[in-house]
Amino acid sequence: MNNIRNIRVLFALRFFSSLIPAYVIERLYWEERGMTIQMVVYTEIIFALTIVLLEVPTGVIADKWGRKKMLVLSALLGCCEFLILIIATEFWHFALVVFLAGISRSASSGSENALLYDTLMQQGKGSHFEKLLGRLNACDLLSAILAAFCGSLLAGKFGLELNYWLSLVSSGIALMLAFLLVEPQKCAEGTDAEKAVPFKTYVTASLRFFRKNPNVSLVMLSGMVTGASMSYVGEFWQLYASRLGTPVYFFGVLSSVIMLLQLPGNLLSYALLRRFSYKRLIVCITATIAVGFLCVSICHDSIGLAAMFIICLFSGVMQPLASGYLHHRIESNTRATIDSFQSLGENVLSTFAGLGFGYFAASYDVFGGYGFIALLCFASFVWFVYASRSIKQM
């Protein structure tokens, strides 16, 4: 019964965690309060570096002491972020917010997937992981779409700050829901020996796993590059649309389209795996995304915006694809730790991408930044095609 409740609470938690009307006007709100593109890139780097430093330690803590504790901490920090943003006027205010957001992301990233997989395993439904994860992502996106529609309308009528107060309320509800989660039995009732395992053992076991499974590392790398690249769609599409002359009241529609296009991939990734191999799907996805970012960079009109939509459509398949490939091949006692390595790698790449994005955006505006992302995606595509030739089954 507790396992069934866990799934329901996870869906509700995802819904309210994503019901954040502030996100649809975030870049405009930050710009209004003095944050330039270069400053925003600096905060993105702070965010990524925070995750790089804390991702694995929080994954180990989740494996040793429980995934629920990490999810509660993540929700609590989410509330703190919006409290600060309501009064933020200086760069260091925004830097503090992204630092807390980095801790929050680190605490939840491996923990949520691990809790979901172990909950399904106790029901004998581990093979349903991709399907449930895709549906969780779909719930996430639908909630964000609702928030985007409402947020753009409210911002146009009442100003930008109201959206942040409403986001604080939604974050508070998410915090209350996190307390309702139940730790999966294996984690909650681990032996003293398991709890006494030192931090170093978790890390070395995780690194050994990746060394012995180069196919997993290759799939993870493709997922990391896609995730890091998509973060710059999520963070800067508003400025891109603004440069194309799109009015603010239309931002809710654009945000909704961007998220809606990611739904089919999340919902159907498990079905695609019945018809195509991992290798074929990843080659198709990475090639399309690389070409898409190139179009976004060089086409300063509706064609560039259409290319961004295509990127979103194909990227939706990658996250459940890569996570499923990983979780089907790891054990429960290191599940959150190993999953955290995926997020760590993604944020290392995101930091590198941020440096390039910021440099080229400073010279060629947001279009130049997306040109650098296109180069990064092409490099990933070429590497995957070259490296996967030596792997027979994928």
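1. The model is predicted. Helix 13 covers residues 263–272 and helix 15 covers residues 302–327; their packing angle is about 55 degrees and their axes are 7 Å apart. The crossing of this pair is right-handed.

2. On the helix 13 side, the contact with helix 15 uses P264, G265, N266, S269 and L272. On the helix 15 side, the partners are L313, G316, V317 and P320. By class, this contact of helix 13 with helix 15 holds five nonpolar and four polar residues, and no charged residues.

3. The second largest pocket should be read together with this pair. Its space amounts to about 170 Å³. Helix 13, helix 14 (278–298) and helix 15 each contribute at least two residues to the lining of the second largest pocket. Helix 14 gives the largest share of that lining, four residues.

4. The residues lining the second largest pocket are P264, G265, L272, F276, R280, L281, C284, I285, L313, F314 and V317. Among them, P264, G265 and L272 of helix 13 and L313 and V317 of helix 15 also take part in the contact between helix 13 and helix 15. Sorted by class, the lining of the second largest pocket has nine nonpolar residues, one polar and one charged.

5. Helix 15 also packs with helix 6, residues 129–158. Here the angle is about 145 degrees and the axes are 9 Å apart. The crossing of helix 6 with helix 15 is right-handed. Helix 6 supplies F129, E130, L133 and N137, while helix 15 supplies Q319, P320, S323, G324, Y325 and H327. The contact of helix 6 with helix 15 divides into four nonpolar, five polar and one charged residues. P320 of helix 15 is found both in this contact and in the contact with helix 13.

6. A further pair is formed by helix 11 (residues 214–243) and helix 12 (residues 251–260), whose axes come within 11 Å and cross at roughly 130 degrees. That angle makes helix 11 oblique to helix 12. Helix 11 passes helix 12 in a right-handed crossing. W237, Q238, A241 and S242 of helix 11 meet F251, L254, S255 and I258 of helix 12. By class, the contact of helix 11 with helix 12 has five nonpolar and three polar residues, with no charged residues.

How values were computed: Residues numbered from 1 in each chain as written. Predicted model: local features only at pLDDT ≥ 70, side-chain atom pairs only at ≥ 80, totals over all residues. Heavy atoms only, no water. Axes fitted to C-alpha atoms, helices over the stretch in contact; angles between N-to-C directions. Left-handed = near helix turned anticlockwise from the far one by under 90°. Contact = heavy atoms within 4.5 Å. Nonpolar A, V, L, I, M, F, W, Y, C, P; charged D, E, K, R; others polar. 1 Å grid on protein atoms, 1.4 Å probe; cavity = no way out; pocket = protein on both sides within 12 Å on 5 of 7 lines; lining within 4 Å. Points joined across faces, edges and corners; volume = space filled by probe spheres on them. Parallel < 35°, antiparallel > 145°, perpendicular 65-115°, else oblique.
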